Amino acid sequence: MLRAQSIGAVAVREISQSVAGRIAAVFDRSVYVDLGSQWICIGDATVGNGPVNLLLEPTPYSGVFADLVVDQPVRVCAGAVHLGKRPLIIETAAKVWLPPLVSEWTKESLIRGLDALNAISRGRAPRQGLSVFLYGRGSELSDTREAHVGALPVFELESWLLNRLVDMRCLEGVPESAQQLIGLGPGLTPSGDDFLGGILIALSLVHRQDIAALLYADLCPRLLTRTGPISRTHLAAASAGQGLEALHLAINSVIEGNVEMIPTRLHHIDRIGSSSGWDALAGAYVVLRACLVQPAGLQKRPLGSN
Amino acid sequence: MVSDENDSPAIGRVCAELLQSRPRVINVGLAVFAIDLDAQDVDVVHVDWRPPAGGDEDLARLLSMLAD
Amino acid sequence: MSVTVNIVRAGVFLDSVVLMQISRELTAIQGVEDAALMMATPANWDILSDAGLLDEDTMAGPGDLLVAVRAQDQAIADSTLQRAAELMERPAQQNNTSQELRPLTLRSACRQLPDANLALISVPGDFAGAEARKALRAGLNVMIFSDNVSLAEEISLKREARDLGLIVMGPDCGTAIIDGVPLAFANVVPRGDIAIVGASGTGIQEVSCLIARAGEGISHAIGVGGRDLTEAVGAISTLTVLDWLERDVATHHIVLIAKPPAPSVVDQITDFIRSSSKSYTVCLVGSDDLALPDNAKLTTTLKDAAAAAVKNSKGLEALPVVQQAPAAGSYVRGLYSGGTLAAEAQVVFLSHRQPVLSNVPVPGAGLFTSERANHIMIDLGDDRFTRGRPHPMIDPAVRDEPICAALSDPDVGAVLLDVVIGFGAHPDPAGHLAGLLDRHGRSGSVVIASVTGTDEDPQVRAKQVSVLERAGVVVAPSNADAAELALAGLKIG
Amino acid sequence: MVDTAALAPAIRRANSKALEILLQGDPVLIDVVPAKDLIPELKEHTILHAGPPIEWDRMCGPMRGAVAGVAVFEGWARDLDEAGVQASKGCFDFHPNHHFSAVGPMTGLTTCSQPLLVVENRAAGNRAYCTVNEGLGKVMRFGGNDESVRDRLAWIRDSLGPALGSALQCCGGIPLRPLVARGLTMGDEMHQRNVACSSLLLRELAPALASAVADHSDLSEMLAFMGSNDQFFLNIAMAMGKSIMDPVRNIEQSTVVTAMTRNGTDFGIRISGLGDEWFTAPVEMPAGLYFPGFSAADANPDMGDSTIVETIGLGGFAMAAAPAVAGFVGAGSVAEAAGITARMREITLGEHPEWTIVSENYQGVPTGIDIRLVVETGIVPTINTGIAHREPGIGQVGAGVVKAPMACFEKALRALGERLGIS
């Protein structure tokens with residue numbers, strides 16, 4: 001018998017609406033469960049809080065998921081998830097995790113945060129993936145294929161975001177090239193997907209859910225054919241402004257200009273996949289930097305706390 | 001089934017039996033000795049020994065008097 | 001002409017970090033030009049295609065994992081894919097290791113190995129007696145490695161064993177070789193027709209290794225414990241072993257290594273030998289005061305015992321020339337992990353009429369208390385040093401402090417050490433010693449050592465010797481030779 | 001001066017005898033009879049309870065709840081409040097079931113009018129008793145005491161009990177040794193899981209029950225009650241355990257545990273060589289699976305005489321036979337289930353020749369707990385258990401495992417040392 005210690009909002013919804021599913025992927029410390037419309041991730045505390053994650057209370061047993069096999073049945077019954085044939089029963093009643101709120105921030109704090117992030121990430125970010133966009137234009141600074149392929153789409157997406165952020169009258173659609181980022185690059189969730197997720201989350205944090213919705217509406221129909229189910233799961237949550245806790249904490253410390261916190265928060269970013277955390281952070285960085293460019297005269301809504 | 005220890009101990013085994021075949025060892029204590037023996041393909045069972053009665057000396061003394 | 005191969009794993013999800021590690025490992029294989037593990041999304045499809053990593057026949061969807069390799073030839077490509085498959089399986093295999101439940105008691109271990117015939121006991125001395133008693137009552141012979149077992153306990157165990165037709169080896173018995181199997185602290189020596197019965201471990205190890213180096217072999221080697229030949233114990237285990245060996249067809253000659261026995265047991269031993277059909281070497285370290293029957297020869301050092309036991313002792317005689325500068329101090333400090341080796345060194349010194357002190361003095365030597373201006377031989381494996389600490393043969397660091405003290409002592413001209421290898425011993429005692437000498441720096445004193453072991457031991461004697469020699473240690477062919485060299489060094493000075 | 005050298009062989013002989021009696025036990029379910037006809041001491045206002053002796057003021061919530069309920073059920077009090085007042089005034093006489101050849105699950109209350117299952121140990125000629133299982137949910141054994149609980153008790157008293165009694169008499173009793181052997185191969189361990197044995201029993205009993213009950217709707221109700229209750233066999237297994245262990249009592253110098261039980265406050269054990277003395281220690285909290293809406297905060301400390309099944313080598317000791325139950329332990333893998341049984345082998349003297357575990361190559365279940373081995377290894381018996389709500393009247397909230405407290409065994413060992421004159 002296992003118990004959840006916290007559970008993400010998306011996971012709560014999925015569990016409450018489902019009765020059955022299957023084991024979709026098994027890792028050392030987590031399993032993905034396909035509940036029909038969406039996957040959720042059940043893992044130990046090292047997996048970290050997130051919208052689709054259900055974290056287990058610590059148990060004295062190791063290898064909790066060791067006997068689970070992909071495609072084994074999953075049943076949801078009276079608030080408990082039964083995994084596999086044996087079954088592993090997980091009591092899901094737990095504290096619902098929601099992303100931490102951004103506290104008081106100003107344009108100055110954001111500038112401080114972005115400068116610090118830019119400086120620290122140079123030499124600190126992983127070479128693979130798209131984190132090169134945290135400190136450069138990508139194609140000149142990186143020899144990875146995904147950075148070369150991604151350079152143009154990132155540039156076009158950034159220009160579009162800039163226009164959309166600063167000019168409420170802009171009706172320009174999502175650039176065609178944005179979809180080239182879907183499923184681009186290495187990792188279980190390809191770097192391009194993480195990058196897009198970072199953009200979606202950052203847009204929510206700066207209260208531009210309208211732009212996020214536009215972007216996701218454009219991407220969504222293509223996700224099914226252009227990337228895998230785990231990416232789709234995370235991108236769907238990102239469209240609602242939710243990502244992994246570590247990512248939220250890192251982005252928040254940048255927005256708040258909490259420079260002392262940034263190095264620690266980046267440590268936690270390191271632990272998300274091999275580069276996924278950094279890829280997402282790069283996406284958020286692109287959005288936040290575009291926010292700064294707002295000409296004062298065009299600023300329609302004050303930057304303030306939520 | 002009643003386990004061996006309830007029977008009387010194996011008195012009067014063939015003398016020198018120890019020297020007539022490869023030893024078959026129960027190792028109580030340092031695990032390294034069991035590892036070495038295992039590496040030489042000697043039958044060995046390592047006992048995960050810990051002080052009796054969790055180290056309580058009184059109880060251990062009592063046990064030693066009551067033990068088989 | 002390079003070759004590109006792909007495999008597709010449908011619905012396989014591996015952690016990003018694992019994917020990256022596997023990519024790296026594949027790329028590092030000789031003959032592999034490029035390799036990638038990626039989710040087979042259309043975007044990555046283009047990337048792989050541009051990189052020449054895509055086989056045009058490959059079919060995969062965005063939820064699949066694609067492993068792509070471009071290699072110099074087909075064979076390398078195929079073997080790399082094979083390797084990739086293995087690496088991808090690895091986490092699953094790790095998960096499947098079922099934790100085997102180890103028995104917690106001797107009793108349940110006996111159920112697991114019903115035909116066991118020996119219990120090797122190395123729990124703390126306070127508990128060893130109780131475990132040994134359980135083993136005897138389960139019909140097992142017992143080898144007690146533990147020290148700090150009381151004399152009364154030893155006597156009671158050995159009597160019980162005798163009544164049961166079993167033997168108790170030890171306590172404080174580090175060494176046995178039974179039917180060619182080294183137990184606890186023992187060396188890999190060839191099988192042969194010489195048996196060794198000894199009070200303690202290192203004496204048996206030294207003699208068995210010297211016999212091996214002379215080209216002969218061992219049938220069995222049994223340690224009976226340092227107190228077995230005392231009046232109180234009455235040689236119970238020694239007599240049991242001698243009796244067994246008498247009937248053992250593999251044994252022709254028996255080496256008995258002992259401290260001078262109690263008068264009451266001398267007769268029992270000599271009577272046994274007299275009636276025996278086999279020949280004997282009796283090595284009384286430190287005493288030549290024993291009348292033996294004709295089928296037995298008496299020696300006072302381990303080296304002489306080995307020489308007497310073998311048919312041809314040529315291999316045991318070479319002595320190296322001392323190349324060290326003359327020693328500055330006048331005294332030798334011996335720091336031993338083996339008690340019998342410390343005793344043998346004293347015998348050598350006494351034979352040269354050099355007074356010597358020790359914490360385990362042989363007849364003629366003085367008891368070391370605290371005075372320093374003397375030749376001193378310390379047995380660091382003595383109970384007083386080991387209570388609650390590892391034996392210096394397991395953890396050579398126990399000897400570090402005394403060695404440094406000796407090297408810094410202006411009175412000390414030569415430091416005499418034993419290095420004992422084999423099963424049970426530290427994996428690299430010479431390396432440890434070399435590191436210590438390196439850190440401590442050079443000083444006026446000569447460091448002389450012998451290595452008890454064989455080239456078949458896990459640590460390999462030849463390698464240990466060369467490590468010591470590179471560290472500036474003079475390595476003698478035997479412990480007795482080392483003591484001789486130490487004296488010779490002083491005489492040069 | 002005690003001859004300590006002679007002690008070990010004497011203990012070994014005593015334990016061999018104890019184990020022999022234990023393993024020869026041949027329990028047969030023979031009847032269902034009102035308690036007052038079986039236990040003459042069971043008068044009005046006398047209440048037998050689970051566990052070692054306890055008085056009202058130290059009773060836990062569920063047991064108090066059950067006392068109030070049973071007092072109303074027996075007609076000693078008009079309502080629960082009055083029953084509570086009477087109890088606190090000392091109007092009831094409390095005794096452990098164990099003192100009267102009886103056992104009871106959880107609160108384990110036994111009173112004069114309740115029908116009791118009768119198990120006869122045909123090897124030793126003794127009998128043991130246990131109440132009829134009330135089903136799941138809100139039941140008296142978990143402290144439930146409302147009208148629905150009392151109505152069911154009345155139905156068992158008036159309809160089911162007599163019918164079962166007639167049926168058993170009619171079929172000449174049901175031998176339990178082979179039935180349990182089959183149940184073990186079908187995944188039961190007879191404490192947490194009794195699905196197979198309950199079904200096997202029903203199969204044996206149904207024809208006789210059909211002859212004994214004339215009214216079809218009554219019969220249908222009884223079959224439905226038993227058929228829908230996976231734990232119906234638990235109470236029979238308990239009476240069986242008591243009937244097997246009672247003849248093992250009072251063997252001089254034996255270190256075998258003859259009873260383990262808890263009353264929700266104390267855990268108590270009895271040792272063969274120490275007569276009928278109880279060695280107690282505060283009972284521990286079970287760890288396990290909670291029903292939706294409940295958590296460990298709602299749980300009452302461990303309770304019930306059901307640990308008699310562990311005492312004979314079933315329940316937690318037979319966990320390897322019932323991997324499904326291991327889910328209550330934690331991660332619940334088959335390997336862990338086997339591991340628990342393997343650990344119990346460290347503290348037991350023998351194995352049952354017929355109660356075997358298929359997945360362990362037909363090794364018998366470990367049986368005959370030796371306090372010496374428990375104290376020496378530090379391994380305490382693992383017990384499978386149901387979890388009651390800490391408040392009276394709510395009932396079962398989960399199931400799980402609990403460890404017997406080591407202090408009981410240490411106390412008993414010291415007492416044995418004193419008894420043998422070597423303390």
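Me: How many residues of chain B are in contact with chain C, and with how many residues of chain C?
Reply: Happy to start there, keeping in mind that this is a predicted model. Chain B and chain C bury about 4100 Å² between them, and 65% of it is on carbon and sulfur atoms. In residues, the contact involves 40 of chain B and 51 of chain C.

Me: Which residues of chain B lose the most area to chain C?
Reply: The area that chain B and chain C bury between them is about 4100 Å². On the chain B side, three residues together make up 19% of what that side buries. They are B:Leu18, B:Leu19 and B:Ile26.

Me: Which residues form the salt bridge across the interface of chain B and chain C?
Reply: The rule finds one salt bridge across this interface.

Me: What is the make-up, by class, of the side of chain B that touches chain C?
Reply: Between the two chains there are 13 residue pairs in polar contact. Strand S1 (25–28), helix H1 (31–39) and strand S2 (44–47) of chain B each supply at least two residues of the side that touches chain C. By class, that side has 22 nonpolar, eight polar and 10 charged residues.

Me: Which residue of S4(C) stands opposite B:Asn27?
Reply: Here a strand of chain B pairs with a strand of chain C: S1(B) is joined by four bridges to S4 of chain C, residues 118–121. The two strands run parallel. Opposite B:Asn27 stands C:Leu120.

Me: Which strands stand at the edges of the five-strand sheet of chain D?
Reply: This open sheet has mixed pairing and the order S4-S6-S5-S1-S7. Two of its strands each have a single partner strand, so one side of each is left without a neighbour in the sheet. These edge strands are S4 (102–103) and S7 (174–175) of chain D.

Me: What angle does the direction of helix H9 of chain D make with that of S6(D)?
Reply: Within the sheet, S1 (residues 27–34) and S5 (residues 115–121) of chain D run antiparallel, joined by seven bridges, and D:Val33 stands opposite D:Leu116. Helix H9 (residues 234–245) packs on this sheet, touching S1, S4, S5 and S6 of chain D. Its direction makes an angle with that of S6(D) of about 150°.

Me: Which strands stand at the edges of the seven-strand sheet of chain C?
Reply: The pairing in this open sheet is parallel, with the order S16-S15-S17-S14-S18-S19-S20. Each edge strand has a single partner strand, so one side of each lacks a neighbour in the sheet. The strands in question are S16 (366–367) and S20 (474–476) of chain C.

Me: Which residue of S18(C) stands opposite C:Leu335?
Reply: S14 (residues 331–336) and S18 (residues 412–420) of chain C pair in the parallel sense over five bridges. The residue opposite C:Leu335 is C:Leu417.

Me: Which residue in the turn of the hairpin of S6(A) and S7(A) has a positive phi?
Reply: S6 (residues 73–77) and S7 (residues 80–83) of chain A pair in the antiparallel sense over four bridges, with A:His82 as the bridge partner of A:Arg75. Two residues lie between the strands of this hairpin. The one with a positive phi, about 50°, is A:Ala78.

Technical notes:
Residues numbered from 1 in each chain as written. Chains lettered and ligands numbered in written order. Predicted model: local features only at pLDDT ≥ 70, side-chain atom pairs only at ≥ 80, totals over all residues. Heavy atoms only, no water. Contact = heavy atoms within 4.5 Å. Buried area = accessible area lost by both parts, 1.4 Å probe. Salt bridge = Lys/Arg side-chain N within 4 Å of Asp/Glu carboxyl O. Polar contact = N/O pair within 3.5 Å; in protein donor to acceptor, adjacent residues only side chain to side chain. Nonpolar A, V, L, I, M, F, W, Y, C, P; charged D, E, K, R; others polar. Pairing = 2+ DSSP bridges. Axes fitted to C-alpha atoms, helices over the stretch in contact; angles between N-to-C directions.
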